[in-house]
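Dear colleague,

Please find the structure below, handed over for your own work. After it I set out what was found, with the cut-offs given as the terms come up.

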Amino acid sequence: MKTITLHDKEFELYIPSYTIQSRVKGLAEKISEDMNQKTPLFIGVLNGAFLFCADLFKHITIECEISFIKVSSYKGTNSEGKVKNLIGLNEDVNGRDVIFVEDIVDTGITATFLTNEINKFNPKSIVWASLLSKPNNLTQPISIKYLGFEVPDDFMVGYGLDYKGLGRNLQDIYRIKN
Ligand code: IMP
Ligand code: MG
């Protein structure tokens, strides 16, 4: 089994690149089919989603637009222990069919926050596309219409996902070794 080390942790190969690529292409085909006759606005959530977003977008065959946002979060004193801030939305989303693109939905807190923020600008529709999801950790009622893979509650790196800044450039996805 292929393993790598990032900082102080060891990771083992979990989803090889060819499996990711074929799944991403399949998701893009499904989106193109479902959104035919529409001009969706893809909104990629930086940093983690940059590779997934790029590969997904390359395989979209209908008219579409793309933009990127960032969520800054810092420790606060509210019940969730985190206060979030939305950065970088320049597009007018009023009346648009929005497709959020995430690397991973874990608790769903980020996705819920973003859905609420974008809803304030009256989009026509919002759906979520996420490469990974950890259903065991989900605490929010977020539905992911276009999901790459369900994964167990283990830390993942690679293909955009990082461990303390490292690992985003890996073509495969790796899971932390216990
Ligand atoms: P949520 O708000 O709990 O759903 O967390 C979403 C964010 O946490 C993702 O966009 C990632 O940036 C980060 N995250 C959650 N799980 C992992 C993981 O296994 N590896 C790397 N980042 C993760
Ligand atoms: Mg992310």
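Where is histidine 7 found? Histidine 7 is in the loop between β1 (3-6) and β2 (9-15), where helices (H or I, at least four residues) and strands (E, at least two) are DSSP runs numbered from the N terminus.

Before going further, a note on conventions: this is a predicted model, in which local features need pLDDT of at least 70 and side-chain atom pairs count only at pLDDT 80 or more, while totals for chains, interfaces and linings use all residues. Residues are numbered from 1 along each chain as its sequence is written, chains are lettered from A and ligands numbered from 1 in the order in which they are written, and side-chain values use heavy atoms, with hydrogens and water left out.

Backbone geometry comes next. Most residues other than glycine have a negative phi, and most peptide bonds are trans. Histidine 7, although not a glycine, has a positive phi near 50°, and at 45% relative accessibility it counts as partly exposed; buried here means under 20% relative accessible area, exposed over 50%, and partly exposed in between, with a 1.4 Å probe and protein chains only. Glutamine 37, in the loop between α1 (17-34) and β3, likewise has a positive phi, of about 80°, and is exposed, with a relative accessible area of 76%. The peptide bond that joins leucine 46 and asparagine 47 is cis, with omega about 0°, and asparagine 47 is placed in the loop between β3 (41-46) and α2 (50-58).

Leu46 also belongs, with Phe50 and Phe68, to a nonpolar surface patch of about 230 Å². Phenylalanine 68 lies in strand β4 (residues 65-75) and is partly exposed at 34% relative accessibility.

As to the strands, two of them pair if DSSP finds at least two bridges between them. An open sheet of four strands runs in the order β1-β2-β10-β9 with antiparallel pairing, and its edge strands, each pairing on one side only, are β1 and β9 (156-157). Within this sheet, β2 and β10 (residues 173-176) are joined over four bridges, and phenylalanine 11 has isoleucine 176 as its bridge partner in β10.

Strand β6 (residues 97-105) has nine of its nine residues buried, so it is largely enclosed by the rest of the structure. It runs parallel to β3, with four bridges, and parallel to β7 (residues 125-133), with eight bridges.

The magnesium ion (ligand 2) has Glu102 (OE) and Asp103 (OD) as its protein donors, lying 2.3 Å from it, and both residues are buried. Donors are N, O and S atoms within 2.8 Å of the metal (3.2 Å for Na, K and Ca), and because water is not among the atoms, sites may look incomplete.

Finally, the structure holds zero disulfides, a disulfide being a pair of cysteine sulfur atoms within 2.5 Å. The sulfur of cysteine 53 is 10 Å from the closest cysteine sulfur, in cysteine 64, and therefore too far for a bond.

With best regards

Note on methods
Patch = residues over 30% accessible without salt bridge, like charges linked within 9 Å, V, L, I, M, F, W, Y side chains within 5 Å. Areas by Shrake-Rupley, 256 points an atom, 1.4 Å probe, with all protein chains shown as cover. Salt bridge = Lys/Arg side-chain N within 4 Å of Asp/Glu carboxyl O.
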